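Please consult the sequence and the structure while reading.

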Amino acid sequence: MEKIWLYGKILLAFFIFLINIASINLSYGKVNSLTTVTNVGLTSPGDVNSLLPVVNNDSNANSQIISLMFRPLLWIGTNLKINWQQSIAKDIVVSPDRRQFTIHLKNWYWSDGRPVTAEDTLACLKIIRAYGSRYPNAGMGGMPDIIAHVKVVNAQTLQITLKRSVNPNWFELNGLSQLFPVPAWRWKQYSIDKLFKLQDNPAMVSVVDGPYKLQHFTLGRGISFVRNDHYSGKPATLEHLHFKMYTSDSSAFWALKTGTIQAGMIPHYLYAARSMVKNLKTCVSNGGYGFNYVTLNFTNPQVAFFRNVKVRQALALAINQTQIIQIAFHGLGVPSFNPVPTNPDTYLSPEMKKLVANPALAYNPSAAKQMLTEAGWKVGPKGIRMRDGQRLQFAMMVPDMSQTSIGVAEMLKADWQTIGVDMRLRVLPLNLELTKLHSDNWEASMAVWTYNPDYYPSGDGLFNTGGGYNMEGYSNPLMDHMIYDTSEKNGSRFLYQYENYAYSQQPVIFLPYPEYVVKYANSLTHAQLMEGVYSVDCAPR
């Protein structure tokens with residue numbers, strides 16, 4: 001009997017021991033690891049198909065993943081200022097003529113113990129130059145053509161001389177922000193075409209200088225990271241970070257509900273289902289620093305009426321932004337009337353702040369009708385306006401990745417129909433939309449712009465003639481001049497002039513910008529959440 005009792009005590013003790021071990025492991029998994037998806041707080045989840053700086057398609061998902069392994073020369077915070085604590089650069093000295101930028105690097109190290117040097121930073125610039133027109137950010141911040149010559153002063157000092165005087169804030173936030181030191185001694189053996197082919201090869205990122213190291217990558221399935229214990233900055237609090245490659249926000253939401261992932265967001269069209277995850281912590285993201293818009297094809301003769309500023313102004317005045325925010329975004333969003341983002345309003349002009357505070361001032365269907373009449377468009381059969389036998393109609397492409405985008409498009413269709421414009425929707429896969437945008441065979445398309453790496457919203461590359469992302473073919477000499485002034489001259493007034501003019505000209509039709517409810521596991525701190533999601537401002541609620 002005593003033996004049975006003794007064996008019972010031993011078994012009980014062993015059982016308690018196993019429970020304690022399991023509790024420790026469970027706690028370890030919750031506190032030190034995070035499984036999530038890309039683009040949390042920003043947009044729908046996206047696939048990762050590149051691991052390398054520069055030679056990638058500049059998608060939000062790729063940018064997020066790359067920044068975990070490679071730290072940029074300048075880390076731009078959510079307040080749109082340089083975060084020197086997280087930057088590899090220690091400081092930048094600008095010459096009196098605003099042409100020479102001397103960059104001093106911190107004592108920073110690669111994961112194999114080698115120092116990060118000025119040569120590694122120069123190697124990135126060489127890759128950008130070699131990539132040429134294929135580089136997605138070509139022209140942003142003047143890069144790379146604005147650079148006259150570069151000098152490696154010593155191992156930790158790089159001196160860049162420009163071809164002209166510039167606004168230092170513009171060049172630092174839009175130009176130098178593109179530079180990622182890369183392991184020059186490893187990559188110098190590869191041509192630019194070879195680097196492009198190897199951009200999804202894990203062997204290329206065995207040496208990194210960011211807070212995380214790649215552990216496992218399966219294209220289209222998932223990607224995992226482990227903390228880089230040799231990171232020169234503040235150590236990551238998460239030891240393991242995993243991203244599952246869901247391609248729709250609804251799939252990610254159900255994964256969040258079931259606990260498959262520990263951080264995700266509630267799509268606007270599933271807002272009523274938020275009670276299913278009410279047990280999780282909450283923060284509200286500003287959606288990143290960007291703007292939503294409808295781009296118009298100025299080069300397509302079928303819709304040549306877009307070239308008339310009165311038509312564009314009428315389209316803008318007919319949009320009830322407040323209604324879109326309340327219905328499509330469930331109150332989570334901000335009005336937006338120009339290419340300078342509303343949240344944060346760091347660079348918003350006083351005039352645009354007034355409109356944001358009183359969006360009804362920018363909503364006037366009666367004035368829109370009058371403008372179309374003045375432009376020669378008379379009401380015809382079924383209420384659709386006509387001019388010289390042509391109906392005022394066009395087709396707008398809408399990516400199928402979000403039901404919310406489709407809902408917004410339906411509301412635009414209704415708003416424009418009230419002023420006599422017939423807009424027809426073409427819902428299609430995002431990749432097909434992007435392909436068509438690089439051809440001439442389209443009329444209008446819904447799009448979103450995120451300022452990364454061009455954090456100073458000056459418009460270069462977007463609305464200047466021949467700009468790399470000016471896919472609509474918009475050209476206006478005065479707009480070109482104003483954009484140039486923002487890049488060359490110091491002072492906010494030049495940026496204000498540009499954004500106010502953009503509102504009056506509507507080179508694209510500006511739309512309200514959404515915010516997102518982000519939910520995350522109770523075991524995670526807000527700081528840990530921010531390590532695993534994109535660089536967005538997500539305020540705890």
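## Helix α15

In α15, the residues F494, L495, Y498, E499, Y501, A502 and Q505 are buried, where buried means under 20% relative accessible area, exposed over 50% and partly exposed in between (1.4 Å probe, protein chains only). Seen down the helix axis, the buried residues of α15 fall within an arc of 160 degrees, so they line one face of the helix; the arc is that of the directions from the axis to the C-beta atoms. Their cover includes α8 (309-317), α10 (350-357), α14 (477-488) and β19 (509-511). Helices (H or I, at least four residues) and strands (E, at least two) are DSSP runs, numbered from the N terminus.

Helix α15 comprises 14 residues (492-505), which at 1.5 Å a residue should span 20 Å; the end C-alpha atoms are 20 Å apart, which agrees. The expected span is 1.5 Å times one less than the number of residues.

## Basis of the model

This is a predicted model, in which local features need pLDDT of at least 70 and side-chain atom pairs count only at pLDDT 80 or more, while totals for chains, interfaces and linings use all residues. Residues are numbered from 1 along each chain as its sequence is written, and side-chain values use heavy atoms, with hydrogens and water left out.

The chain averages a pLDDT of 91, and 94% of the residues score at least 70; pLDDT is the predictor's confidence in each residue, from 0 to 100. Over residues 1-30, however, the pLDDT is below 50, and beyond near neighbours in sequence this stretch has five contacts in the model. A contact means heavy atoms within 4.5 Å.

## The chain as a whole

The chain contains 16 helices and 22 strands. Of its 541 residues, 54% are buried. Among contacts with a separation of 6 or more, 69% are between residues 24 or more positions apart.

Most residues other than glycine have a negative phi, and most peptide bonds are trans. Q506, in the loop between α15 and β19, has a positive phi of about 50 degrees although it is not a glycine. At 3% relative accessibility, Q506 counts as buried.

V54 lies in the loop between β1 (33-36) and α2 (60-69). This residue is not a glycine, yet V54 has a positive phi of about 70 degrees; at 8% relative accessibility, V54 counts as buried. The peptide bond from N343 to P344 is cis, with omega near 0 degrees, and a cis bond also joins N452 and P453, with omega about 20 degrees.
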